[in-house]
Amino acid sequence: MGLTLTEKILKDHIVDGEMIKGNEIGIRIDQTLTQDATGTMAYLEFEAMGVPRVKTERSVAYIDHNTLQSGFENADDHRFIGSVAKKHGIYFSRPGNGICHQVHLERFGVPGKTLIGSDSHTPTGGGIGMIAIGAGGLDVAVAMGGGAYYITCPKVVKVELTGKLSPWVAAKDVILEVLRIMSVKGGVGKVIEYCGEGVKTLSVPERATITNMGAELGATTSIFPSDEITKQFLKAQGREEVWTPLAADEDAVYDEEIKINLSELAPLAACPHMPDNVKSVKEIGNIKIDQVCIGSCTNSSLLDMMKVAHILRGKTVHPDVSLSIAPGSKQVLNMMAQNGLLSDLIDAGARILESACGPCIGMGQSPNSKGISLRTFNRNFEGRSGTKDGQIYLVSPEMAAISAITGVLTDPREIGEMPDFKLPEEFVVNDNMIVLPADEKDMDSVEILRGPNIKPYPETAPLVKDIKCKVSLKVEDNITTDHIMPAGAKILPLRSNIPAISQHCFTVCDEKFPERAKSLGQSIIVGGANYGQGSSREHAALAPLYLGIKAVLVKSFARIHRANLINAGILPLTFVNEADYDKISEGDEIEILNVRADIEADKTELTVTNKTTGAQIPVLCELTGRTKDIILAGGLLDYTRENLK
């Protein structure tokens with residue numbers, strides 16, 4: 001029986017456990033990446049481990065999220081990250097060099113390697129045949145220190161692509177179709193592996209769009225084979241020597257199979273407020289729009305910009321529409337400037353933003369109240385744009401560009417004949433915005449630069465004998481990390497200051513939550529299904545930790561957030577019977593007696609007693625040997641310190 005591509009790479013990197021679906025395995029990590037919204041905390045955690053220099057083949061620190069410097073905080077964080085990188089052997093991508101996933105694809109990604117990043121869209125690297133996984137910052141810190149990264153050995157879903165995309169139908173429409181089929185929780189515990197004759201019709205940037213937004217499926221990662229098209233892309237980047245051919249065996253066996261005929265796809269859009277709320281343009285109709293934003297790690301490649309510039313050339317943005325465009329990297333922006341594409345965008349009336357995440361992370365360009373905004377981004381969660389009642393639609397760059405001209409949601413197939421867009425045989429390569437680390441012999445002389453906004457990791461403690469506390473909050477299904485720990489220009493600068501950022505925890509759901517949780521001293525949170533979907537931000541676990549949350553009891557968890565809770569020493573519990581969700585209310589007094597002894601004894605079913613109502617509620621606490629030890633120790637940082645001794 002043959003192996004899938006996913007199984008081949010995982011098998012080559014496994015260092016702990018057995019390749020049995022559903023079992024926990026530890027894999028060796030070749031590369032890591034961080035960005036500045038999560039990087040400061042990741043590097044504070046790395047420092048706390050006492051490892052002098054990273055042990056990976058390549059670790060890169062990117063500045064791309066908190067680039068709006070309205071106060072000292074972001075600039076201080078950038079300075080801190082730069083100094084840590086120089087001292088500890090990490091490459092440093094300076095502000096302005098571009099979005100981490102776009103730059104990593106261009107300059108550092110290697111087929112067949114493993115990559116984890118403290119950003120949920122790290123699976124972008126699957127576009128060139130990497131096992132690239134989003135993770136919490138502490139997991140990345142451990143990997144930089146030489147530790148394995150642990151995941152549940154995933155199921156593998158085969159997405160067989162046939163045919164070829166019709167003119168003006170885009171790679172974005174492919175992943176929106178997959179989301180329509182699988183939903184935002186359909187990929188949990190799975191890797192999405194693309195194959196079939198249709199793969200050969202997709203360029204690397206198009207593949208990267210698809211793997212990038214696979215994060216919205218809840219999937220561990222997504223991956224394409226490494227083929228001649230991959231080789232051509234790497235050769236154009238001057239990196240042909242890192243290419244290797246990779247594909248699944250012909251007789252590989254998959255856990256699920258989905259077939260998509262690219263020729264049959266039509267332009268699609270994800271409607272407010274969820275990436276799987278997918279409809280065709282025909283179903284939505286020609287709604288009037290207020291704003292268009294083009295960019296993000298999903299759709300900011302040179303190929304995307306070539307198409308947008310073609311559509312806008314000689315046209316003018318509709319007077320009722322604000323159009324902003326953020327090229328994904330300095331390389332993309334520089335080549336646009338050299339070949340005239342940038343001039344086409346400016347002439348049309350587009351507002352050119354720096355090569356950074358920008359509006360996608362709520363950093364500027366919030367739409368008007370109740371405004372309809374078409375975005376080429378990957379998430380449209382309520383309030384993420386910075387406007388609570390903003391109506392955000394996720395679309396392809398082609399649809400975004402034509403709609404910016406017409407002023408209404410427009411099917412890009414109305415544009416007319418589509419040229420044959422071809423990527424250049426050689427990209428402009430200038431890595432002068434990537435700072436190399438100091439040599440090992442010089443590292444001790446490098447000073448770490450810390451600003452006053454940089455605070456230490458929250459205090460942790462080993463798991464207690466009994467948990468006795470109140471329910472400080474009860475929330476519904478599909479709570480995202482944007483609900484738990486909002487982003488945006490006002491809050492992101494506090495990412496290195498857990499006491500300050502915790503004051504914004506869950507305020508989207510309940511403005512009084514931080515004050516209530518802090519006053520209780522310790523408490524638990526109750527939630528619904530798919531709790532913690534979305535971003536990898538570990539602050540959605542660290543802020544609750546600081547506020548005294550001891551356990552989170554839900555119907556089901558999103559993968560990364562559950563791992564982050566364990567890393568923070570917060571007990572993750574799920575209802576045995578989902579109907580028991582209705583037996584607990586906010587303010588109820590809860591007891592979980594002998595919880596430490598039960599976990600030490602490997603019990604997977606515990607009893608939660610609702611002292612307020614008298615209800616006895618069975619819950620699952622599914623911890624493996626390693627995650628059990630992490631919880632008992634009080635979190636991954638404590639566990640790692642103990643094991644490094």
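The legends below describe close-up views of a predicted model.

**View 1. An open sheet of 6 strands with mixed pairing.**
The strands of this sheet follow one another in the order β7-β6-β3-β4-β5-β20. At its edges lie β7, formed by residues 131-134, and β20, formed by residues 434-435, and each of these pairs on one side only. Strand β5, which covers residues 91-93, is joined to β20 in the antiparallel sense over 2 bridges, and within this pairing S93 stands opposite I434 of β20. Strands of a sheet pair through backbone hydrogen bonds, in either a parallel or an antiparallel manner.

**View 2. Helices α2 and α4 against the sheet.**
Helix α2, made of residues 36-49, packs on the sheet, where it touches β3 (31-35) and β4 (58-62). The direction of α2 makes about 115 degrees with that of β3. Helix α4, made of residues 100-107, lies across β3, β4 and β6 (114-117), and its course runs at about 150 degrees to β3.

**View 3. L234 in helix α8.**
L234 lies in helix α8, which spans residues 228-236, and with a relative accessible area of 0% this residue is buried. Leaving aside residues up to four places away in sequence, L234 touches G109, P111, R239, E240, V242 and W243. The C-alpha atom of L234 is separated by 32 Å from that of D347, a residue 113 positions apart from it along the chain.

**View 4. The crossing of helices α10 and α12.**
The axes of helix α10 (residues 302-312) and helix α12 (residues 341-348) come within 9 Å and cross at roughly 45 degrees, and the two helices are therefore oblique to each other. The crossing in which α10 passes α12 is left-handed. On the α10 side the residues that take part are L302, M305, M306, V308, A309 and L312, and they meet L341, D344, L345 and A348 of α12.

**View 5. Strand β21 and its pairing with β25 and β22.**
Strand β21, residues 467-474, is joined by 4 bridges to strand β25, residues 589-592, and the two run antiparallel; here the bridge partner of K468 is E591 in β25. With strand β22, residues 523-526, β21 pairs in the parallel sense over 4 bridges, and in this pairing L473 has I525 of β22 as its bridge partner.

**View 6. Helix α20 and the glycine that follows.**
Helix α20, residues 625-633, is mostly covered, with 7 of its 9 residues buried. The buried residues of α20 are R626, T627, K628, I630, I631, L632 and A633. After α20 comes G634, whose phi is positive, near 105 degrees.

Terms used
Residues numbered from 1 in each chain as written. Predicted model: local features only at pLDDT ≥ 70, side-chain atom pairs only at ≥ 80, totals over all residues. Heavy atoms only, no water. Pairing = 2+ DSSP bridges. Contact = heavy atoms within 4.5 Å. Axes fitted to C-alpha atoms, helices over the stretch in contact; angles between N-to-C directions. Buried < 20%, exposed > 50% of the residue type's maximum accessible area, 1.4 Å probe, protein only. Parallel < 35°, antiparallel > 145°, perpendicular 65-115°, else oblique. Left-handed = near helix turned anticlockwise from the far one by under 90°.
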